[in-house]
Amino acid sequence: ELSRKEKDLLNRIEEKKKKSKELDSQIKKIIEEEIRKAKEMVKNNGSSSFEMTPEQKIISKQFISNEGNLPWPVARGIIIESFGKQKHAVLPGVVTYNNGIKIATEEASSVRSIFNGKVSNVLNIPGSGKAVIISHGNYFSVYSGLSEVYVKSAENVKTKQSIGLSSTNTFTNETIVELQIWKGSQKLDPAKWIYRAY
């Protein structure tokens with residue numbers, strides 16, 4: 001019985017890893033495409049280097065100056081998994097990797113933008129709900145674990161604006177929202193950006 005439970009748990013971990021890798025790949029492609037388009041636009045204007053628009057520069061600068069003071073993506077929640085490598089709580093020797101932080105929250109919680117920006121994309125992740133990518137100059141915030149999304153691509157959003165609702169896993173009965181922060185294609189620890197995360 002224990003062996004069967006361990007096998008089931010390992011299968012669920014592998015499935016989570018697979019879904020995480022797929023989401024990671026999608027996010028990376030979207031961000032790279034945005035950077036490519038921006039470079040192309042600059043090139044067409046006679047410049048050889050990537051430059052943000054004045055508005056993007058301001059948003060990016062403001063985003064950086066708010067490191068450690070950005071609001072949480074949910075009004076009530078607790079971080080249950082940190083950024084980076086994690087040892088599994090039950091299975092010794094099993095290591096997982098988080099691209100962001102996982103926040104346990106209440107069912108159907110409002111998920112909010114952590115800063116002013118523009119929606120880059122809305123993704124449907126089979127079996128895992130929806131995700132929203134928001135551009136803040138050359139920084140991006142990613143919100144996954146949503147059941148509903150209230151925004152669409154290219155829409156401007158404000159700090160603390162509701163962008164959707166959290167999804168509850170019917171198998172585990174957990175409501176978990178994942179927040180990721182990227183600078184270009186580099187993943188950053190969101191806990192260092194949101195207010196008093198630890």
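1. Where does Asn173 lie? Asn173 sits in the loop between β10 and β11 (176–183). Its phi is positive, at about 65°, although Asn173 is not a glycine. Most residues other than glycine have a negative phi, and most peptide bonds are trans. Asn173 counts as exposed because its relative accessibility is 64%; here buried means under 20% relative accessible area, exposed over 50%, and partly exposed in between, with a 1.4 Å probe and protein chains only.

2. A word on the ground rules before you go on. This is a predicted model, in which local features need pLDDT of at least 70 and side-chain atom pairs count only at pLDDT 80 or more, while totals for chains, interfaces and linings use all residues. Residues are numbered from 1 along each chain as its sequence is written, and side-chain values use heavy atoms, with hydrogens and water left out.

3. Here is the overall layout. The chain holds 2 helices and 12 strands, in the order α-α-β-β-β-β-β-β-β-β-β-β-β-β from the N terminus on. Helices (H or I, at least four residues) and strands (E, at least two) are DSSP runs, numbered from the N terminus.

4. Next, the overall dimensions. For 198 residues, a compact globule would have a radius of gyration near 16 Å, and the 18 Å of this chain agrees with that. The radius is taken over C-alpha atoms, and the globule rule is 2.2 Å times the number of residues to the power 0.38. Along the principal axes, the C-alpha atoms fill a box of roughly 65 × 30 × 30 Å.

5. Of the 198 residues, 39% count as buried. Among contacts with a separation of 6 or more, 65% come from residues 24 or more positions apart; contact means heavy atoms within 4.5 Å. The accessible surface is about 11600 Å², with 50% of it belonging to carbon and sulfur atoms; such areas come from the Shrake-Rupley method with a 1.4 Å probe, and for residues only the protein chains shown count as cover. The chain carries 31 positive and 22 negative side chains, and the centres of the two sets are 3 Å apart. Lys and Arg count as positive and Asp and Glu as negative, without His and the chain ends; each charge is placed at NZ of Lys, CZ of Arg, CG of Asp or CD of Glu.

6. Lys160 also has a positive phi, near 70°, in a residue other than glycine. You will find Lys160 in the loop between β9 (156–157) and β10 (162–166). With a relative accessible area of 51%, Lys160 is exposed.

7. Which residues does Ile114 touch beyond four places in sequence? They are Phe63, Leu70, Pro71, Trp72, Pro73, Ser141, Tyr143, Thr159, Leu179 and Ile181. Ile114 is in the loop between β5 (110–112) and β6, and Ile114 counts as buried because its relative accessibility is 0%. Asn98 is 16 residues from Ile114 along the chain, and their C-alpha atoms are separated by 19 Å.

8. Now the aromatic rings. The whole structure gives 5 aromatic pairs. Rings of Phe, Tyr and Trp (its six-membered ring) pair if their centres lie within 6.5 Å; planes under 30 degrees apart are stacked, over 60 edge-to-face, and the rest tilted. Phe83 and Tyr97 have ring centres 6.1 Å apart and planes at 65°, so this pair is edge-to-face. The pair links distant parts of the chain, 14 residues apart, with Phe83 in the loop between β1 (77–81) and β2 (84–87) and Tyr97 in strand β3 (residues 95–98). Phe83 is partly exposed at 22%, and Tyr97 is partly exposed at 40%. Phe63, Phe115, Tyr139 and Trp193 form one aromatic cluster.

9. Ile64, in helix α2 (residues 54–65), is in contact with two of those cluster residues, Tyr139 and Trp193, leaving aside neighbours within four places in sequence. Ile64 and Tyr139 are 75 residues apart in sequence and 8.8 Å apart in space, C-alpha to C-alpha. Ile64 counts as partly exposed, at 41% relative accessibility.
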